[in-house]
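Hi,

Here is the structure I promised to pass on.

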There are 2 protein chains.
Amino acid sequence: MSIDRVYLRRACELAERGRGSTAPNPCVGAVIASGTLTLGEGYHREAGAPHAEIEALRAAAAAGHDVHGATLYVTLEPCDLQGRTPACTQAVLEAGIGRVVIGALDPNPNMAGRGVERLRESIPVAVAGDPWALALIEDFSVWIAGTRPYLTLKMAVSLDGFVAASPGTHWLTGERARAYVRELRSAADAVLVGAGTVRIDDPQLTVRPPRARRRPYQRVVACEADPIPPQSRVLARIDGYAPTIVLAPGGARGRFAELESVARVLYVGDGERLALALAFKALAREGISSVLCEGGPTLAGRLLAAGLVDRLAWLVTPQLFGNVHALRALGSADVTGAGTLQVDCVERLGDDLLVSARVGKDASCSAV
Amino acid sequence: MSIDRVYLRRACELAERGRGSTAPNPCVGAVIASGTLTLGEGYHREAGAPHAEIEALRAAAAAGHDVHGATLYVTLEPCDLQGRTPACTQAVLEAGIGRVVIGALDPNPNMAGRGVERLRESIPVAVAGDPWALALIEDFSVWIAGTRPYLTLKMAVSLDGFVAASPGTHWLTGERARAYVRELRSAADAVLVGAGTVRIDDPQLTVRPPRARRRPYQRVVACEADPIPPQSRVLARIDGYAPTIVLAPGGARGRFAELESVARVLYVGDGERLALALAFKALAREGISSVLCEGGPTLAGRLLAAGLVDRLAWLVTPQLFGNVHALRALGSADVTGAGTLQVDCVERLGDDLLVSARVGKDASCSAV
């Protein structure tokens, strides 16, 4: 591995520290180095805080290091946008950085390449197209390209494809799988479940351990014709959480009135069924850039069928649940057009198995 | 790892070379060593051929090595049975072997411990209880303890638990998964499918690459009320293969008469449904000690429900097949009592995933 790749990997590691706090900005990390000597490191901590390059420059200055002629490694193309603070490109050049290695170009179509161009007027710039750096902004790329949050679908199924051996029964993934799901939850801006899950499991959908967020963690329940009970645990007010969002079909407005005092009810479209693509647009308007959906099967199947899922976090438990009462992983949805899956990680989490896959959007697959 | 463990592992590797040829005997491997010097190696090649210990002694002699005082590593307890040839225990002692390390005791209840006892009258013997050595005889242990073949169930399913998006459609596992299934097939004495698979896929069920076997490879089709077409490819006579066995319910005898000229029809019980436990006893009487079942879903589900499956070779393809026409992995069988699964291997085979698990028999699970 070249030394450039080593520093870029390190910058990616740093970037991950901001995961869950930077939205609607992406996670970015930066390292300033000269030969084998690291002069400064930094990452973007949260929206509104300095960008990663600036953090790294400040760290180098604080340590008394001279960055003249040094190389800046940054996971994402530096911005060339003069805002409340100077553009990162300007700060980098003014500091005397001699060369820049960039992990990935800015996926924002209005910005892509501008930072590179500006820097190249003065110093050499390498764009690595690093897979890890690209993976870091996978969620941001979806968010910035469209008008909907990036959606990860977590399901936990048996080898034969069921979520439970009968309605209302439960099985628990092992501790390692649960810890992983907690991480997934807190890495997103919001957690989403269907009304059936609220009725059957009555979850709180909190994030453990709770931590300071610039914006409160958002819990979302997707309803069809009927509202969830107002006394559901997910609707209880908790410090540090925004009022829970209830997505309701516009045509069922009357029936959801009683929830308006305990939840933020977003009416979507004017039909009797929840129009999922519109619902996701509504979530985007609420400033939510990434969502973890934790089921149940009906909602999961509909989201896949609608082409709204970007990533699967598919937990498989080595059990067989099949019988006439067993609940299918994706209900009765037709998910054959959901897109091609590209597995990028298979891991054993205790006794369970995690298959992590990107859902590639087929041209034929249109959002419903 | 101690040097004993290193040699025992080597003996296990050697044993695997006999896989598929030794039935109804188990695979056994042996190494004779003195300190770090290997004097001789051997394995049981096929039923009727010398046992592994004898092969190793012969190899040492052929190389001109003196085995006096050397250590014999053997994966399975040497036999103490005087047959056409002297008992292995006697041959080992006569050769002057100074110590024996045994991977696993003979699972044959009539033989277990007898070899160890006989050897210990003269020399020190260590019984390692080695997991690999035990895994080597997993199939033989089932076969020798009961009156049915050891059954491996291979299924290939989507993430959401279907074998196909609609009846009659196909999906292909990748080349690496197919190669693995070919290995599984040739490691067993027989391959088994249900009548539905024959009607829909019309497979030949041959073993590739073909190889010399002491006993011809056996193809088996399990039928319910109706026979498969006599012109099915699986019934065509092929050199090196025995006539295909058709398992038929005794109560449907009349309808299967036309198959008797092209297949070996075994009538089981006297009902109109195939009694699977009885069918497996019939296969055992045919000298079949291990079976690979390759589905389809109906047969697979019934075998699991009947508690007849010893091991799952569960291939998962990273696709979603769910829709109203999709075929469930195990049909509508109730497999909740099939036993607890103990995963001992998760592997990526190209794009596919292999979960290999032992099916632990619950006391509550009785064969039907």
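B:I123 counts as partly exposed because it has 16 C-beta neighbours inside 10 Å, and a residue needs 20 or more to be called buried. Keep in mind that this is a predicted model. You'll find B:I123 in the loop between α4 (114-120) and β5 (125-127) of chain B. If you skip its neighbours within four places in sequence, B:I123 is in contact with B:I97, B:G98, B:R99 and B:V100. Take B:G98: it sits 25 residues away from B:I123 in sequence, yet the C-alpha to C-alpha distance is 6.1 Å.

Next, the sheet. Chain B has an open sheet of five strands in the order β2-β1-β3-β4-β5, with mixed pairing. β2 (37-43) and β5 of chain B are the edge strands, as each pairs on one side only. From one strand to the next, the twist averages 15°. As a bit of background, strands of a sheet pair through backbone hydrogen bonds, either parallel or antiparallel. Strand β4 (residues 99-104) of chain B pairs with β5(B) in the parallel sense, over three bridges. One bridge to look for joins B:V101 to B:A126 in β5(B). Helix α2 (residues 52-62) of chain B lies across β1 (29-34), β2 and β3 (71-76) of chain B, and runs at about 135° to β2(B).

Another helix to look at is α6 (residues 138-145) of chain B, where B:D139, B:F140, B:W143 and B:I144 are buried. These residues cover an arc of only 120° around the axis, so they are on the same side of α6(B). What covers them includes β6 (150-158) and β12 (290-293) of chain B.

Now for the two chains together. How many residues does each chain give to the contact? It takes 32 from chain B and 32 from chain A. On the chain B side, the elements giving two or more residues are α10 (297-305), β15 (340-349) and β16 (352-360), and β15(B) has the largest share with four residues. Sorted by class, that side of chain B has 21 nonpolar, seven polar and four charged residues.

How do the copies relate?

Cheers

Note on methods
Residues are numbered from 1 along each chain as its sequence is written. Chains are lettered from A and ligands numbered from 1 in the order in which they are written. This is a predicted model: local features need pLDDT of at least 70, side-chain atom pairs count only at pLDDT 80 or more; totals for chains, interfaces and linings use all residues. Two residues are in contact if their C-beta atoms, placed from the backbone, lie within 7 Å. Ala, Val, Leu, Ile, Met, Phe, Trp, Tyr, Cys and Pro count as nonpolar, Asp, Glu, Lys and Arg as charged, and the others, Gly among them, as polar. A residue is buried if 20 or more other C-beta atoms lie within 10 Å of its own, exposed if 12 or fewer, and partly exposed in between; C-beta atoms are placed from the backbone. The arc is that of the directions from the helix axis to the C-beta atoms. Two strands pair if DSSP finds at least two bridges between them. Axes are lines fitted to C-alpha atoms, for helices over the stretch in contact, and angles run from 0 to 180 degrees between N-to-C directions.
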